Amino acid sequence: MATTSDHVVPLSMLSPKFLHSNSTSHTWPFSAIAELIDNAYDPDVNAKHFWIDKTVIKGEECLIFMDDGNGLDYETMRKMLSFGYSDKTALRGKQPIGIYGNGFKSGSMRLGQDVIVFSKSKNASCVGMLSRTYLEKTAAEQIVVPIVSFEERESESASLAKEEHEASLQDILLYSPFNKQEELLIEINAITSSWSKTKTGSRIIIWNLRSTSTRRTEFDFQTDCYDIRIPSDVYEDLKESTQTPDKVTSHIPECVFSLRAYCSILYLKPRMQIVVRGQKVKSQLVAKSLACIRKDHYKPTFLNRRIPITFGYNTMSKDQYGIMMYHKNRLIKAYERVGCQLKGNNMGVGVIGVIECDFLDPTHNKQDFMDTENYRKTINNLGIKLEEYWKEIRYRKTKDNPNCTVPVEDTMKQPDQNWVSCDECMKWRKLPDGIDNSKLPEKWFCYLNPDPQFRSCNVDEEAEDFADDQPSYTKTYKQEENKKKREMKKTTTVHSPSTSSSEIAESTPLSSSAVSQAACSPSRRSSGLPVIPDGASLSVTPQRRKRSQAVTSQVTQKKTRVNDHSSAPATPSSVDVRPHDEKENDDDDIVILETASTPKPNKLVLHFVKNEEESSEIPISMECDNDAAVDATSASSQNQGRGWGRELSFSLEAQHRLQNQSEVKVKKEVSHQGSQTEETEEKIDYKSLFEKIKKKVNELIKDNEALFEATEMKPNSEEEDSDEISMMFGRLLHELDERNQERDELRSQLNSLEDRNAKLEAKCELLKLTLKDQQKENSAEGNESMRG
């Protein structure tokens, strides 16, 4: 770290006033304290304990922060007191929180004007000072940081400052509360007192604490002797200057004005014990201290992995709710209300969500995230998933107890699990149900664990019960809503069996008369409706009886046929020429589900019959289903997957066969007429008759081609989609049945466990009574022995 340069390019200057302007990034004093805690928590220091206290040195109130980490040597302390030097890396899977190299400077200068750091590492002891008062009194133009390194001696009290640091030592003794070298060594020795096993660590003392307009510090040390609090008047001033108008402030979380409460949730999974004013902070596993816990996932579009989210109800206060947003295990935003929690009702009350947002960028004061598009998407999706959880729990509670009128948030009194941290190894242990954490001893160790499997500090923690590859919880209320919607859709789209054919014709957009007009008009041939020649009759098939099978969204098209002359009866009326196997299916319904906004016409059957004015007797039966008028020679819907090319070939072959049959018919007629009398032969013009029949056949062929082209334009994607939806719906119903069966089995197991738990509780009560009786007997025997 050179302070001068041999090049002509000048070095940047850093005014002492920057210390104050840099500290203003912390509008909340607890965020400044969190910066000092983070430095001890990071893997390069790796402290197991962190102490926060208030003391008085030479009549002046001071804040003291101390850890039992690895300590600092001269170069490391110089980087810590400088700006932008951060070379922290992950160690043993533990990610560093500090990344900017600015936290100590901004945090300490926010709390007071002056700070002195005592540190002891394995190889050295040193003292450094960062003081605005010192810089003002010496009229320094640059930020100067006196640092002293002491030579190690056999007797710590005889340690001496290195000769090259003599100037720094004199400035520290002159401008700090410690005016003698012995006083500095006493503070260093306090780090290596009997409670510290490592004999290394750091001790930070801040004086000239920031004061309010009434000339008192912004901290309240009197209300609670085991806490450091922010007075209400100071908090109101902070709130007015930092809070947006639309922020919900109906209830202030305790962590906002209580340092003890804030430290208890500062880390998602705490690995360091914090002691505030001599009393241990009971850290919380926020994600495991809730009731009705459900695990969900959020899959951002800008990431290739899913982010786990934990939802549950706050059992300590229903008024403290929202999203707990962490970054690299460190709390960034607490009780951030999203989605339905921002509305003026009771939706989402008491619900807490926990998420670790390592994919977002925090601001430099670690109290918010950068307002980016990814952050806004995350907040929006968290609101959606929180509302889904709230609705799901309400649905389940109502289903289990329909007569209960108590809100869900008022019934959550106990967390689903009880966890406690060992004071020796800092590992978290899960306690059996029924144990009250508040009644545990002040210091708890693994050997006190009722579970023998985890009764040693050498045993690893229990495996996490929530991994990224596990599915999210089942949202049964959404399944029920979707089921009701499908049932309503079926009832509104399926025709009633009692509906008459005339009512069906009236309900369709195209009535019979409209179809006839469209068919007879040459300009309407592109509409896909059938062309009806002279002498043809149009009839609507009567409504059929509903069958008992399950209704699907697929509509089956029936294959049309071309009948030769020999199979058609010689009758002038409409004749149904369906084969016998199709006539037996008259009881089948054709059910139409609405897949588009426009209703589809009912199935029409067109029967072309003999024209009395002409001698042509070519009965042709055409069936037109509700999707489009189908060509008389087109293939049925069973052959859709084979492509339209095969249908085109089949249609052309049918048309040629139709023409050949007509010619044969004409020849038969000519042969038949040849056997008549000569008088009849004179009256009949065979050539004109043949020409008329041939003309009629050509017209039919053209009409069939037009119908085929119109049918070819209709995509079958809707039917394919309907097939996929039907299959998916069937799979979902099957999966739902399996889940219901699993639920019933789990409920049976739960009842069995509850019975067993009741028996165990009864035995415990009996043992307690027995123990009390024994204690009374022992005390009585002791009293008798003393009297004797």
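Is Tyr-100 buried, partly exposed or exposed? Tyr-100 is partly exposed, because its relative accessible area is 38% (buried is under 20%, exposed is over 50% and partly exposed lies in between, with a 1.4 Å probe and protein chains only).

1. **What you are looking at.** This is a predicted model, where local features need pLDDT of at least 70, side-chain atom pairs count only at pLDDT 80 or more, and totals for chains, interfaces and linings use all residues. Residues are numbered from 1 along each chain as its sequence is written, and side-chain values use heavy atoms, with hydrogens and water left out.

2. **The chain as a whole.** The protein chain holds 19 helices and 18 strands (DSSP runs numbered from the N terminus, with H or I over at least four residues for helices and E over at least two for strands). It has 788 residues, and 41% of them count as buried. Its accessible surface is about 44500 Å², with 50% belonging to carbon and sulfur atoms (Shrake-Rupley method, 1.4 Å probe; for residues, only the protein chains shown count as cover). Of the contacts between residues at least 6 apart in sequence, 67% join residues at least 24 apart (a contact means heavy atoms within 4.5 Å).

3. **The surroundings of Tyr-100.** Tyr-100 sits in the loop between α3 (74-80) and α4. Together with Ile-99 and Met-370, Tyr-100 forms a nonpolar patch on the surface, with about 260 Å² of accessible area in total. (Patches consist of residues with over 30% relative accessible area and no salt bridge; like charges are joined within 9 Å, and nonpolar side chains, namely Val, Leu, Ile, Met, Phe, Trp and Tyr, within 5 Å.)

4. **Helix α4.** Next comes a helix with a covered setting. Nine of the nine residues of α4 (residues 103-111) are buried, so this helix is largely enclosed by the rest of the structure. Among these buried residues are Phe-104, Lys-105, Met-109, Arg-110 and Leu-111.

5. **A five-stranded sheet.** Follow the order β9-β10-β13-β11-β12 and you trace an open sheet of five strands with mixed pairing (two strands pair if DSSP finds at least two bridges between them). β9 and β12 (330-336) are the edge strands, each pairing on one side only. From one strand to the next, the twist averages 20° (axes are lines fitted to C-alpha atoms, for helices over the stretch in contact, and angles run from 0 to 180 degrees between N-to-C directions). Helix α10 (residues 373-400) packs on the sheet and touches β9, β10, β11 (322-327), β12 and β13, while its direction makes about 140° with that of β9.

6. **Strand β10 in detail.** Six of the seven residues of β10 (residues 307-313) are buried, which leaves the strand mostly covered. β10 pairs with β9 (residues 291-298) in the antiparallel sense over six bridges. Across that pairing, Ala-291 has Tyr-313 as its bridge partner, and Lys-295 stands opposite Thr-310. β10 also pairs with β13 (residues 351-356), again in the antiparallel sense, over five bridges; there the bridge partner of Phe-311 is Gly-353.

7. **Salt bridges across the sequence.** The structure holds 26 salt bridges (a side-chain nitrogen of Lys or Arg within 4 Å of a carboxyl oxygen of Asp or Glu). One of them joins Arg-330 and Asp-38 at 2.8 Å, N to O. Arg-330 lies in strand β12 and Asp-38 in helix α2 (residues 29-41), so the pair ties together parts that are 292 residues apart in sequence. Arg-330 counts as buried at 0% relative accessibility, and Asp-38 counts as buried at 1%. Another salt bridge joins Glu-183 and Lys-58 at 3.6 Å, N to O. This pair links Glu-183 in helix α7 (residues 181-191) with Lys-58 in the loop between β1 (49-57) and β2 (60-67), 125 residues apart. Glu-183 is partly exposed at 23% relative accessibility, whereas Lys-58 is exposed at 54%.

8. **A local pair and a network.** In the salt bridge between Arg-739 and Glu-735, the closest N and O atoms are 3.4 Å apart. Both residues belong to helix α19 (residues 717-787), and because they are four residues apart, about one helical turn separates them. Elsewhere, salt bridges with shared partners join Asp-296, Lys-385, Glu-388, Lys-475 and Lys-478 into one network.
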